[in-house]
Amino acid sequence: ADALRAEPPKVAYVVAWGENGAAALLGELLRLGVKARCIDRKFTFEGVEYPAGSFVVKVQDQPVDLHARMRELAALHGVAVRCADSSWVDSGPNFGSNNSLVLKVPRVAMAWDRPVNANSAGWVRYLLEQRYGVPVSPLRTHDLQRVDLDRFTVLILPEGNGYGGILGKGGAEAIKGFVERG
């Protein structure tokens, strides 16, 4: 990735979604208290097409050392970060549109125990905690009906056979309610 320029942008930083480094960069920025928005449709900015899921970090109301941290983290994760001195997009939603979502540090719960494949659960947990720095709360599959799932923003059900028999009707209803509440 190209090194981020020396002077901060006037409007925002723009990062294309799609590579592992972008996810790791985003995770670190969110943990540092940086405010970021995800654009949920593709857009073109300064002739470059960005896929849906790309994110924008506006320079207003951010930690004072944002540019130095952005340069350091972009280099560390090998991510191209573009500086935007204007909010004008060639096509697609602009940086402040209704097609952008405020991003927050995820609170992740993951089912484990029967019927979860232990290798699948281990790999997912390793990837999230070690690669992206996102803590995972393991929950026994049969306890999902008793846990307040609304404490979490993400629920992972790793590969496994026979979830229905372990979850039961109460567990299935708890998951359905969690999904419906967003």
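1. Two aromatic rings of Phe, Tyr or Trp form a pair here if their centres lie within 6.5 Å; planes under 30 degrees apart make the pair stacked, planes over 60 make it edge-to-face, and the rest are tilted. On that basis the whole structure, which is a predicted model, contains five aromatic pairs. Phenylalanine 43 and tyrosine 50 form one of them: the ring centres are 5.0 Å apart and the planes meet at 10°, so this pair is stacked. Both partners are in the interior. Phenylalanine 43 is buried at a relative accessible area of 1%, and tyrosine 50 is buried at 4%.

2. A further pair joins phenylalanine 45 and phenylalanine 95. Its ring centres are 5.4 Å apart with the planes at 55°, so the pair is classed as tilted. Phenylalanine 45 belongs to strand S3 (residues 43-45), while phenylalanine 95 sits in the loop between strand S6 (81-84) and strand S7 (100-102); the pair therefore ties together parts 50 residues apart in sequence. Phenylalanine 45 has 1% relative accessibility and counts as buried; phenylalanine 95, with a relative accessible area of 2%, is buried too. Ring pairs join Phe43, Phe45, Tyr50 and Phe95 into a cluster.

3. The largest nonpolar core holds 22 residues, and Val108, Leu128, Leu139, Leu144, Leu149 and Leu155 have the most contacts inside it. At least two residues of this core come from each of strand S8 (108-112), helix H3 (118-131), strand S9 (136-140), strand S10 (154-156) and helix H4 (163-180). H4 provides the largest share, five residues.

4. What does leucine 149 touch, beyond its neighbours within four places in sequence? Its contacts are Leu139, Leu144, Leu155, Ala174, Ile175 and Phe178. Of the residues named there, Ala174, Ile175 and Phe178 are buried residues of H4.

5. Helix H4 deserves a look on the display. At 1.5 Å a residue, a straight helix of 18 residues would span 26 Å, but the end C-alpha atoms of H4 are only 19 Å apart. H4 also has a kink of about 80°, centred on lysine 169. The buried residues of H4 are Tyr163, Leu167, Gly171, Ala174, Ile175, Gly177 and Phe178. An α-helix has 3.6 residues a turn, so residues three or four places apart point the same way. The buried residues of H4 pack against S8 and S10. After H4 comes glycine 182, with a positive phi near 85°.

6. Most residues other than glycine have a negative phi, and most peptide bonds are trans. The peptide bond from arginine 114 to proline 115 is cis, with omega near 5°. Proline 115 is in the loop between S8 and H3. That loop between S8 and H3 also holds aspartate 113, whose phi is positive, near 85°, though the residue is not a glycine. Aspartate 113 is partly exposed, at a relative accessible area of 25%.

7. Aspartate 61 is another non-glycine residue with a positive phi, of about 55°. Its position is in the loop between strand S5 (55-58) and helix H2 (66-77). Is aspartate 61 buried or exposed? With a relative accessible area of 64%, aspartate 61 is exposed.

8. How many disulfides are there? The count is zero. A disulfide requires a pair of cysteine sulfur atoms within 2.5 Å. For cysteine 38, the closest cysteine sulfur is that of cysteine 83, 20 Å away, and therefore too far for a bond. Seen from cysteine 83, the closest cysteine sulfur is in cysteine 38, at 20 Å, again too far for a bond. Cysteine 38 is buried, with a relative accessible area of 14%, and cysteine 83 is buried as well, at 9%.

Notes. Residues are numbered from 1 along each chain as its sequence is written. This is a predicted model: local features need pLDDT of at least 70, side-chain atom pairs count only at pLDDT 80 or more; totals for chains, interfaces and linings use all residues. Side-chain values use heavy atoms; hydrogens and water are left out. A nonpolar core is a set of buried Ala, Val, Leu, Ile, Met, Phe, Trp, Tyr and Cys residues joined through side-chain atoms within 4.5 Å. Buried means under 20% relative accessible area, exposed over 50%, partly exposed in between (1.4 Å probe, protein chains only). Helices (H or I, at least four residues) and strands (E, at least two) are DSSP runs, numbered from the N terminus. Contact means heavy atoms within 4.5 Å. Rings of Phe, Tyr and Trp (its six-membered ring) pair if their centres lie within 6.5 Å; planes under 30 degrees apart count as stacked, over 60 as edge-to-face and the rest as tilted. The expected span of a helix is 1.5 Å times one less than its number of residues. The bend at a residue is the angle between axes fitted to the seven residues ending there and the seven starting there.
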